[in-house]
Amino acid sequence: MLGLLLLVFAITFVLSIAIGTVNISISSVLHVLLGGEAERDTWRTIILQIRLPKALTAVLAGAALAIAGLQMQTLFRNPLADPYVLGVSSGASLGVAVAVLGTGFVMGAAGSMFASGLTALGVVGAASLGAALVLMLTIAVSRFIQNNLTLLVFGLMIGYLTSALVSLMLFFSNPERMQAYLLWTFGSFGGTTWAQLQVLAPVILVALLAAIASAKAMNALLLGETYARSLGISITRTRIWITVTASLLAGAITAFCGPIGFLGIAVPHLARNILRSADHRALAWACVLMGASLALLCDLATHFGSVALPLNATTSLIGAPIVVWVILRQRAGRSA
């Protein structure tokens, strides 16, 4: 099954580079990716400078959010938990709101929200700072909170508090700055440059490897904290480890791509149903492949003719039916 998921990922990756406003043949895409020359010079520029960074960003985002969602659902034993449940995304959104609404960073149009280097640096830096502050607060609180449910409620309250602050700033801001912030909230994989990928990719890859390495601890948590302690696993250390990795994954993606919804909730459920297993040693890799593939498919779905649809709209349209299907299937299974 993992081999099949890898094949689906490879196909969606190539299609995401081939399909767009200008359609390029798959053979030309593969030829350029393998180091050859394109049939047209413009195709090579489109593939290597525009679509390849966008596809790689989608892969990193999908894998990161899926793994973080799996971690949160296991830690809180809640099927509706997602990567943003600890308030890290809200902290990133607050940072961007302060930068855009408070200091006057004004982004460009929806298709080029990160076109300006100074604007990109300001937005990404503000989002990263906001996410880091909430992350440090959450880690500090997690040292004293021994109950996962209480930690979940704390994260939700942080989210409500930051959302309230953002709403107040939106209320008092002018229409131009309000529109700039709203464009960022739509989410996009297309604003990341090669220079930004050199920062984003190492952070995501290290955090992904750290999350996958915690598969044994997450398997133990499924059977309860008492059982985990009997195996010599430190619950406090494991909680902090999961909190740090999930927050880094969600915070980094939010900073560079905006708040991307539903992937973190939908992909872990889909992986469990396809693998029919709760073993995180397999689920983690399945979430990486399925998250990357689903992110690429959502990005493809944003190309509606000559119009670019909001990314968050497509992730919700695709992710919401998956969650509903999983819930109905689980209920039907219990009834049988």
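Predicted model: local features only at pLDDT ≥ 70, side-chain atom pairs only at ≥ 80, totals over all residues.
Local features required pLDDT of at least 70, side-chain atom pairs were counted only at pLDDT 80 or more, and totals for chains, interfaces and linings use all residues. Residues are numbered from 1 along each chain as its sequence is written, and side-chain values use heavy atoms, with hydrogens and water left out.

The largest nonpolar core comprises 103 residues, and M72, F76, Y181, I204, I253 and I260 have the most contacts inside it. A nonpolar core is here a set of buried Ala, Val, Leu, Ile, Met, Phe, Trp, Tyr and Cys residues joined through side-chain atoms within 4.5 Å. Helices are DSSP runs (H or I, at least four residues), numbered from the N terminus.

Helix α12 (residues 263–275) has 13 residues and spans 18 Å from its first C-alpha to its last, close to the 18 Å expected at 1.5 Å a residue; the expected span is 1.5 Å times one less than the number of residues. Eleven of the 13 residues of α12 are buried, among them P268, H269 and N273. R276, with a positive phi near 55°, follows α12.

Two aromatic pairs were found in a search of the whole structure. Rings of Phe, Tyr and Trp (its six-membered ring) pair if their centres lie within 6.5 Å; planes under 30 degrees apart count as stacked, over 60 as edge-to-face and the rest as tilted. The pair of F9 and F13 is tilted, because the planes stand at 45°, with ring centres 6.1 Å apart. F9 and F13 are four residues apart in helix α1 (residues 2–18), and are therefore separated by about one helical turn. F9 is buried at 19% relative accessible area, as is F13 at 14%. F171 and F172 form an edge-to-face pair, at 5.1 Å centre to centre and 90° between the planes. Both F171 and F172 are exposed.

In the loop between α1 and α2 (26–33) lies I24, which is buried at 5% relative accessibility. The C-alpha atoms of I24 and I47 are 8.8 Å apart, at a sequence separation of 23 residues.

Two salt bridges (a side-chain nitrogen of Lys or Arg within 4 Å of a carboxyl oxygen of Asp or Glu) were found in a search of the whole structure. K54 and D299 form a salt bridge with an N to O distance of 3.6 Å. This pair links distant parts of the chain, K54 lying in helix α3 (residues 41–76) and D299 in helix α13 (residues 280–301), 245 residues apart. D299 is buried, with 7% relative accessible area. R281 and D279 form a salt bridge with their closest N and O atoms 2.9 Å apart. R281 is exposed at 59% relative accessible area, whereas D279 is partly exposed at 23%.

Note on methods. Helix = DSSP H or I, 4+ residues; strand = E, 2+ residues; numbered from the N terminus. Buried < 20%, exposed > 50% of the residue type's maximum accessible area, 1.4 Å probe, protein only.
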